[in-house]
Amino acid sequence: VANFDKAFDSVDWPIKINNDIYADKAHSNIVEIIIGSGLVGLAGYVYMIFVFFNTGLKRTDREIKYVLFTLILYLIHSQTNVTSVAEEMVFWMALAAI
């Protein structure tokens, strides 16, 4: 994971860029959790999301449904893009709201 930037140095496609950005995070939050905490951490993360979705679906508040929609959007977005700390803060605050 730490050496994937060498792949970018080997190819000048579509143009050569002299100043590059260093990326140290995976494009998938699930991969990031597996790398950082292993299968035990992944199991805890998936279990936590499952419990919060079950708890949120049982509640009838309209605001909680919006929070669940926000969680769904974040989970989809975090699997396809590098997320910032601000986006992760929205995720944790949405979980705290449930």
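One aromatic cluster is formed by Tyr45, Tyr74, Phe91 and Trp92. The model is predicted: local features need pLDDT of at least 70, side-chain atom pairs count only at pLDDT 80 or more, and totals for chains, interfaces and linings use all residues. Residues are numbered from 1 along each chain as its sequence is written, and side-chain values use heavy atoms, with hydrogens and water left out.

Three aromatic pairs are counted. Rings of Phe, Tyr and Trp (its six-membered ring) pair if their centres lie within 6.5 Å; planes under 30 degrees apart are stacked, over 60 edge-to-face, and the rest tilted. The ring centres of Tyr45 and Phe91 lie 6.0 Å apart with planes at 45 degrees, so this pair is tilted. Tyr45 belongs to helix H2 and Phe91 to helix H4 (residues 85-97), so the pair ties together parts 46 residues apart in sequence. Helices are DSSP runs (H or I, at least four residues), numbered from the N terminus. Phe91 and Trp92 have ring centres 5.0 Å apart and planes at 70 degrees, so they pair edge-to-face. Phe91 is buried at 3% relative accessibility, whereas Trp92 is partly exposed at 42%. Buried means under 20% relative accessible area, exposed over 50%, and partly exposed in between (1.4 Å probe, protein chains only). Tyr45 is also buried.

Tyr47 is found in helix H2 (residues 29-58). At 56% relative accessibility, Tyr47 is exposed.

One salt bridge is present. It joins the side chains of Asp61 and Arg59 (2.9 Å, N to O). The criterion is a side-chain nitrogen of Lys or Arg within 4 Å of a carboxyl oxygen of Asp or Glu. Asp61 is partly exposed at 31%, and Arg59 is partly exposed at 30%.

Conventions
Helix = DSSP H or I, 4+ residues; strand = E, 2+ residues; numbered from the N terminus.
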